[in-house]
Amino acid sequence: MKALHFGAGNIGRGFIGLLLSRAGYEVTFSDVNQELVHALQERGRYTVELANESKDEETVSGVTAIDGRDLQRVAEAVAETDLVTTAVGVGVLKHIAPGIAKGLEQRRQAGTVHKPLHIIACENAIGGSTQLKEHVYALLDEQARAFADEYVYFPNSAVDRIVPIQNHADPLHVQVEPFYEWVVDRSQMAPAFKPINGVVYVHDLEPYIERKLFTVNTGHCVAAYIGYVHGYDTIQQAIADEKVKSVVYGALQETGQVLVQRFGFNPEEHEQYIVKILGRFVNPYLTDEVTRVGRSPLRKLSPNDRLVRPALLAYAEGIPVTHLATGMAAACKFDVSDDPEAVELQSLIRERDVAAALSHYTGIEEGHPVLVEAVKQYHQM
Ligand SMILES: NC(=O)C1=CN([C@@H]2O[C@H](COP(=O)(O)OP(=O)(O)OC[C@H]3O[C@@H](n4cnc5c(N)ncnc54)[C@H](O)[C@@H]3O)[C@@H](O)[C@H]2O)C=CC1
Ligand SMILES: O=P(O)(O)OC[C@H]1O[C@](O)(CO)[C@@H](O)[C@@H]1O
């Protein structure tokens, strides 16, 4: 069985590639980073280290890579593979769509390879695979769409593993937290699909993706933004400060009430889930920079993402949103010059003002109480 994975970065090597290889797939990575591509081609293997006391290490072998800029080569790989996965960033999905679309057309023309193909986006987003499907379908003609409707599946998934920026002499070596969770929507897959070991299959992904995104990712980004405001470099340092921790915990109480109401989770079990997540954030064997965890603030402030969606859901239910609003306010203080989204945000705040900028990116009207609270918090920071 062959798997083509887009994105040989931290999650690609440290999580998805590792699990697919363990499950017996021959993994080919597609990436635009030539250093990674050449190293994978030359060595065909890399090491994954767990962030625990014994630094357990596992070698992933039998892997290779292709140049993601080479459209023809990418299309051939799509035509030949049994499974496609991605971990490139949700904003990059549109850039990998042309190679996938061309590969699907080759599969159609080959006529014989009418076996189902699953394409799973492993990104931090609601409906990541559906978003990729839309980008791909926009490039297909009617015949190719009919073919894809019959033979190609885009199940959505939720992925959870903290993999920080890597600083090793070996560009392929990757250090990861021990915990991982990969949940895939079984109802969007071919009935005959052979399960991948280590993947959890569910028939309704919504509670899983929302619980993950609105707990792990909400908590993490609030820690990053508040930590940044307080001048901390890492998440570990930030959460050691009770002032930061209490905002993070408060935000997770707000999202927790939403999640318990929406999905009927047991409140005590959800509280345990929150405590477990907070424990993962402060793993002493990891160094996770606030600039990584807060990266791409415009994506994180977008209407369907980890701050705005739970805040609006909470507000609609009469649940207080002070801490989530504080997180949004702190996101507006995230002034990181090598993060293009932070640069854009700061420039709009300067050009107009924080209320106008927040309203623009969150989609919340300026007079809305959630936005008013966020602006108030911003001015108090
Ligand atoms: N790092 C983490 O802890 C987690 C990340 N995620 C999600 O996983 C995704 C990837 O994140 P990371 O691995 O941290 O980022 P990363 O930056 O380490 O990896 C992304 C890789 O995609 C490659 N790439 C960019 N454009 C490409 C293209 N057109 N074709 C092929 N490859 C391309 C980059 O060169 C890079 O190697 C994101 O959606 C992120 O939200 C999800 C859970 C945890
Ligand atoms: O910031 P992004 O790209 O959404 O992804 C990183 C996030 O995902 C996580 O790995 C959680 O699974 C956190 O480390 C971090 O908050």
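The legends below describe an overview and several close-up views of a predicted model of one protein chain.

**Figure 1. Overview of the protein chain and its secondary structure.** The predicted chain contains 17 helices and 12 strands. Its C-alpha atoms fill a box of roughly 65 × 50 × 45 Å along the principal axes. The radius of gyration is 21 Å, which agrees with the value near 21 Å for a compact globule of 381 residues. Of these 381 residues, 49% count as buried. Among contacts between residues at least 6 apart in sequence, 71% join residues at least 24 apart.

**Figure 2. Domain 1 and domain 2, with the contacts between them.** The domain assignment places residues 2-203 in domain 1 and residues 207-380 in domain 2. A distance of 28 Å separates the C-alpha centres of the two domains. Where they meet, 15 residues of domain 1 are in contact with 16 residues of domain 2. The side of domain 1 that touches domain 2 is made up of 10 nonpolar, 3 polar and 2 charged residues. In the UniProt record, an unreviewed entry, residues 204-380 carry the annotation "domain: Mannitol dehydrogenase C-terminal". This span is 72% helix and 0% strand, and its end C-alpha atoms lie 41 Å apart.

**Figure 3. The largest nonpolar core, around Ala-223 and Tyr-225.** The core has 120 residues, and Ala-223 and Tyr-225 are those with the most contacts inside it. Helix 7 (residues 206-229) supplies the largest share of the core, 13 residues. Both domain 1 (2-203) and domain 2 (207-380) give residues to this core, so it lies between them. Beyond four places in sequence, Ala-223 touches Ile-235, Ala-238, Ile-239, Val-244, Val-248, Phe-281 and Val-293.

**Figure 4. The annotated segment from Ala-3 to Gly-14, seen at Ala-8.** The unreviewed UniProt entry lists Ala-3, Leu-4, His-5, Phe-6, Gly-7, Ala-8, Gly-9, Asn-10, Ile-11, Gly-12, Arg-13 and Gly-14 under "binding site". Within this list, Ala-8 sits in the loop that joins strand 1 (2-6) to helix 1 (10-22). Ala-8 counts as buried because 31 other C-beta atoms lie within 10 Å, where 20 or more are required. Its contacts, leaving aside neighbours within four places in sequence, are Arg-13, Phe-29, Asp-31, Leu-36, Leu-40 and Ala-65.

**Figure 5. Arg-13 and Gly-14 in helix 1.** Arg-13 is found in helix 1, and Gly-14 lies in helix 1 as well. Arg-13 is buried, with 30 C-beta neighbours inside 10 Å. Gly-14 is also buried, with 26 other C-beta atoms within 10 Å. With residues up to four places away not counted, Arg-13 touches Ala-8, Tyr-46, Leu-172 and Val-174. Gly-14 and Ser-347 are 333 residues apart along the chain, and their C-alpha atoms are separated by 35 Å.

**Figure 6. Helix 5 and the elements packed against its buried residues.** Helix 5 spans residues 128-137, and Gly-128, Ser-129, Gln-131, Leu-132, Lys-133 and Val-136 are buried in it. The buried residues of helix 5 pack against strand 6 (83-86), helix 4 (93-110), strand 7 (117-121) and strand 9 (157-160).

**Figure 7. The loop that holds Ala-192.** Ala-192 is located in the loop between strand 11 (181-185) and strand 12 (199-202). It is exposed, with 7 C-beta neighbours inside 10 Å. Pro-116 is 76 residues from Ala-192 in sequence, with a C-alpha to C-alpha distance of 9.0 Å.

Figure 8. Lys-55 is a residue other than glycine with a positive phi, near 50°. It belongs to the loop between strand 3 (45-50) and strand 4 (57-61). Lys-55 counts as exposed, with 10 C-beta neighbours inside 10 Å. Ser-296, again not a glycine, has a positive phi near 55°. Its place is the loop between helix 11 (290-293) and helix 12 (297-300). Ser-296 has 19 C-beta neighbours inside 10 Å and counts as partly exposed.

Methods
Residues are numbered from 1 along each chain as its sequence is written. Chains are lettered from A and ligands numbered from 1 in the order in which they are written. This is a predicted model: local features need pLDDT of at least 70, side-chain atom pairs count only at pLDDT 80 or more; totals for chains, interfaces and linings use all residues. Domain bounds come from an automatic or database domain assignment. Two residues are in contact if their C-beta atoms, placed from the backbone, lie within 7 Å. Ala, Val, Leu, Ile, Met, Phe, Trp, Tyr, Cys and Pro count as nonpolar, Asp, Glu, Lys and Arg as charged, and the others, Gly among them, as polar. A nonpolar core is a set of buried Ala, Val, Leu, Ile, Met, Phe, Trp, Tyr and Cys residues joined through C-beta atoms within 7 Å. A residue is buried if 20 or more other C-beta atoms lie within 10 Å of its own, exposed if 12 or fewer, and partly exposed in between; C-beta atoms are placed from the backbone. Helices (H or I, at least four residues) and strands (E, at least two) are DSSP runs, numbered from the N terminus. The radius of gyration is taken over C-alpha atoms; the globule rule is 2.2 Å times the number of residues to the power 0.38. UniProt positions are given in the numbering used here, feature names are shortened, and annotations may be inferred rather than shown by experiment.
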